[in-house]
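The sequence and structure are shown first, and the discussion follows.

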Amino acid sequence: MASDQSRKPTPRKDTRATRRGSTSSSSRSASTLKMSSSATRKSSRPQRQKRSSSLELPKRQSVASAARGRGTASKQARPVAQDGSSRKGGGTRPAFLDNKSNRASAPVTRPQSGREARQARARQVKTEGLVNIVGRVLAVVVVVAVIGLIAYLILRNTSVFEITTIETEPSEHVSVEDIQNLAKIEEGTTLLNVDEEAISNSLKKNPWVESVTITREFPNTLKITINERKVSAVVVMSSRSVAWYLGEGNIWIEPAQIEVSDGQSTDDAALEMASSVGAILITGVPSTVNPVAGATATDDVIAAVDEYLDGFSSDFASQIVSFEATSVDSISCVLSSGIEVSLGSPTNISAKETVIEELISEYSGQITYINVRVPSNPSYRKIDSTNVTSGSGALGGTTSTDSSSTSDTSTTSDTTDSSTTSSDTSSTSTTDSSSSDTSDSSSTSDSETSTTDSSTTSDSSTDSTSASGSTE
């Protein structure tokens with residue numbers, strides 16, 4: 001039964017109704033969709049109209065305002081560079097556009113009036129006239145120079161200005177023959193082609209010649225004038241028989257033999273020799289000093305003497321008649337008054353001069369020796385007498401006498417050359433002579449520290465006395 005029931009045919013439904021139902025339902029669905037689509041379009045239409053209304057605004061504007069709007073928008077859209085310029089595409093504005101805009105913005109000059117134009121024209125004409133005048137003057141100068149050059153080239157080698165006469169002015173140590181031999185002016189030389197520099201250099205080979213003056217006296221005379229070198233010092237060599245003349249600029253000039261007369265010392269003869277040429281005397285130089293005529297003196301002792309002469313005042317330097325320069329550290333000098341001064345090395349020169357002048361002023365006519373190696377602690381020797389007269393000085397002369405009995409006491413203070421102290425007592429009779437003052441044995445040796453020198457004087461039967469103090 002069950003199987004039969006299951007086998008019962010299923011009743012057929014009406015397919016048409018189903019189809020109609022499905023068709024109606026699908027049509028209803030399509031109409032529903034159509035209605036919803038229509039509603040959607042209706043709901044979106046106002047928005048579209050609203051957008052279109054906002055876009056219709058430029059249409060109602062004028063063409064000019066629209067153009068201005070576009071220009072403003074484009075300007076706002078352009079990037080601005082750091083320097084303030086802008087350019088399409090983000091670049092900087094070209095410099096020539098700025099220059100162009102500046103030129104365009106420059107004020108336009110107004111045209112000149114008739115009066116201004118006439119004044120400008122007058123200035124222009126005046127300037128052109130000056131230029132023309134200057135040009136003509138320059139042209140004339142050039143023409144004259146060319147003519148002169150041609151004439152010079154023609155005449156310089158002709159016999160018109162040939163030197164036929166040479167006038168010379170000799171000096172004390174340069175003779176006319178010396179000048180003619182050194183000048184060596186060839187025959188046929190003219191005043192226009194003579195070599196003055198060659199003549200001057202040739203003449204200066206003589207150490208006595210310091211400078212040369214050459215003058216042309218047309219048409220045929222050449223004049224040569226010698227300016228002789230001045231002697232600044234006479235230097236006695238270590239042999240003590242020869243002295244060299246030392247010229248200005250420390251140029252060795254020439255040697256000379258020291259002529260010693262009877263009863264005269266070598267130093268006195270050399271001092272007389274130096275005085276005759278107005279120079280100072282330098283003695284005691286070491287054997288290393290080897291002069292060459294025309295060469296420059298480069299010895300240390302000569303340089304030390306120069307330092308003292310340059311450092312002293314002109315008034316004090318003029319009182320110095322001689323130097324003794326055994327070494328740089330042992331320089332001494334003798335003043336025209338006969339006072340010997342131990343100077344030492346060339347340091348504190350001004351201070352040493354001050355001390356010397358103070359002592360000479362304080363003990364006028366009594367000082368015979370001063371040591372200023374250490375200016376802060378000087379030493380000196382003076383004559384302690386109630387009747388002292390001026391002596392002959394370093395340059396010699398008449399002797400003075402002292403008829404009274406005097407004691408010569410040397411007052412000294414400590415010096416720093418050595419640590420030992422020496423005392424010396426000597427009996428002397430006083431006489432002032434040039435030789436005793438120049439090479440006075442009363443000078444204290446450089447190694448003394450402090451000295452005490454006492455001397456007694458005795459009257460002679462002739463009332464003349466001679467003095468020489470010595471210190472060990």
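Arg-216 has a relative accessibility of 32% and therefore counts as partly exposed, where buried means under 20% relative accessible area, exposed over 50%, and partly exposed in between, with a 1.4 Å probe and protein chains only. The model is a predicted one, in which local features need pLDDT of at least 70, side-chain atom pairs count only at pLDDT 80 or more, and totals for chains, interfaces and linings use all residues. Residues are numbered from 1 along each chain as its sequence is written, and side-chain values use heavy atoms, with hydrogens and water left out.

**Salt bridges**

The side chain of Arg-216 forms a salt bridge with that of Glu-196, at 2.6 Å from N to O. A salt bridge is here a side-chain nitrogen of Lys or Arg within 4 Å of a carboxyl oxygen of Asp or Glu. This pair links distant parts of the chain, as Arg-216 lies in strand E2 (residues 209-217) and Glu-196 in helix H8 (residues 196-203), 20 residues apart. Helices (H or I, at least four residues) and strands (E, at least two) are DSSP runs, numbered from the N terminus. Glu-196 is partly exposed, with a relative accessible area of 29%.

How many salt bridges does a search of the whole structure find? The search finds three, and they are listed below.

| Pair | N to O distance | Location of the partners |
|---|---|---|
| Arg-216 and Glu-196 | 2.6 Å | strand E2 and helix H8 |
| Glu-169 and Lys-223 | 3.4 Å | strand E1 and strand E3 |
| Arg-240 and Asp-267 | 2.8 Å | loop between strands E4 and E5, and helix H9 |

Glu-169 and Lys-223 are 54 residues apart, in strand E1 (residues 165-169) and strand E3 (residues 221-228) respectively. Glu-169 is partly exposed at 38% relative accessible area, and Lys-223 is partly exposed at 23%.

The side chains of Arg-240 and Asp-267 also meet in a salt bridge. This pair spans 27 residues, from the loop between strand E4 (231-236) and strand E5 (242-247) to helix H9 (residues 266-276). Arg-240 is partly exposed, with 37% relative accessibility, whereas Asp-267 is buried, with a relative accessible area of 18%.

**Aromatic pairs**

The structure holds six aromatic pairs. The rings of Tyr-308 and Phe-312 have centres 5.5 Å apart and planes at 25°, so this pair is stacked. Rings of Phe, Tyr and Trp (its six-membered ring) pair if their centres lie within 6.5 Å; planes under 30 degrees apart count as stacked, over 60 as edge-to-face and the rest as tilted. Tyr-308 is buried at 0% relative accessibility, and Phe-312 is buried at 5%. Phe-312 also pairs edge-to-face with Phe-316, at 4.8 Å centre to centre and 65° between the planes. Phe-316 is likewise buried.

**Negative surface patch**

Which residues gather in a patch of negative charge on the surface? They are Asp-315, Glu-357, Glu-358 and Glu-362. Patches are made of residues with over 30% relative accessible area and no salt bridge; like charges are joined within 9 Å, and nonpolar side chains (Val, Leu, Ile, Met, Phe, Trp, Tyr) within 5 Å. Helix H12 (residues 349-362) gives the most to the patch, with three residues. Glu-358 is located in helix H12 and is exposed, with a relative accessible area of 51%.

Terms used
Areas by Shrake-Rupley, 256 points an atom, 1.4 Å probe, with all protein chains shown as cover. Lys, Arg positive; Asp, Glu negative; His and termini not counted. Charge placed at Lys NZ, Arg CZ, Asp CG, Glu CD.
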